[in-house]
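Thank you all for coming; I would like to take a few minutes to walk through one model with you.

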Amino acid sequence: MKKKMNNLTAAEVYAQFYGKVASYVHARIRNMEAAEDLIGDVFLRIVQKIESYDAQKASVSTWVYTITHNMVCNYYRSTRGKEQTAKEETLPEAIQEEDALANLCSRETLQQLAQALLKLPERERILIVLRFYRGYTHKQTAQALHISETNSKFLQNKAMKSLKVLLGRMITAAD
């Protein structure tokens, strides 16, 4: 672990983030052995990717939390159907609001979301703002956009899929 990351060694990253990464993983994976293995894999990935870290794209914490979140999602995908726990069944693909790692919704993450929203067509962008920022129902959103409620649901689904792809590309680029 002698590689450097903008004057920060992998050992320093481990020391600074081990507790937070472990809490995040343990909160989502009930199998202690699998959780410990995954924590080790997260730090192995950090060591492997440390040369590609770019401080101009994201803070160290955002980078570490993104790797952790992605690896937990990969764990769920690989175990789907093998071991289903209540936590796995309810874990959304997006990070839950009550996340132990609230720092993931840091300024960098919000900037990435804003950039992704700007890439959506105007109508979809407005719909997302009305639904998730202003808290409109589908009926209220449909009335505001002069479309049917069914079309509102369809557009929301389409916009969310587009955002997922756009954000995935941004996170992969930071990873």
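**A residue in a loop, and what surrounds it**

His 146 is exposed, with a relative accessible area of 71%, where exposed means over 50%, buried means under 20% and partly exposed lies in between, with a 1.4 Å probe and protein chains only. Before I go further, this is a predicted model, in which local features need pLDDT of at least 70 and side-chain atom pairs count only at pLDDT 80 or more, while totals for chains, interfaces and linings use all residues. Residues are numbered from 1 along each chain as its sequence is written, and side-chain values use heavy atoms, with hydrogens and water left out.

To return to His 146, this residue sits in the loop between helix 7 (138-145) and helix 8 (149-174), and it has a positive phi of about 60° although it is not a glycine.

Let me now step back to the whole chain. The protein has 8 helices and 2 strands, where helices (H or I, at least four residues) and strands (E, at least two) are DSSP runs numbered from the N terminus. Along the sequence the pattern is β-β-α-α-α-α-α-α-α-α, and of the 175 residues, 40% count as buried.

Helix 1, which covers residues 10-28, bends by about 55° at Phe 17, the bend being the angle between axes fitted to the seven residues ending there and the seven starting there. Among the buried residues of this helix are Phe 17, Val 13, Val 21 and Ala 10.

Helix 2, residues 32-49, contains Glu 33, which counts as exposed at 60% relative accessibility. Glu 33 forms a negative surface patch with Glu 36, Asp 37 and Asp 41; for such a patch, residues need over 30% relative accessible area and no salt bridge, and like charges are joined within 9 Å, with Asp and Glu counted as negative.

Which side chains, then, meet in a salt bridge? They are those of Glu 124 and Lys 158, at 3.4 Å from N to O, a salt bridge being a side-chain nitrogen of Lys or Arg within 4 Å of a carboxyl oxygen of Asp or Glu. Glu 124 lies in helix 6 (residues 122-133) and Lys 158 in helix 8, so the pair ties together parts that are 34 residues apart in sequence. Glu 124 is buried, with a relative accessible area of 3%, whereas Lys 158 counts as partly exposed at 42%. The structure holds 1 salt bridge.

Let me finish with another residue of helix 8, Ala 173, which counts as partly exposed at 45% relative accessibility. The C-alpha atoms of Ala 173 and Tyr 53 are separated by 9.7 Å, while the two residues are 120 residues apart along the chain.

Definitions and conventions
Patches are made of residues with over 30% relative accessible area and no salt bridge: like charges are joined within 9 Å, nonpolar side chains (Val, Leu, Ile, Met, Phe, Trp, Tyr) within 5 Å. Accessible areas come from the Shrake-Rupley method with a 1.4 Å probe; for residues, only the protein chains shown count as cover. The place of a charge is taken as NZ of Lys, CZ of Arg, CG of Asp or CD of Glu.
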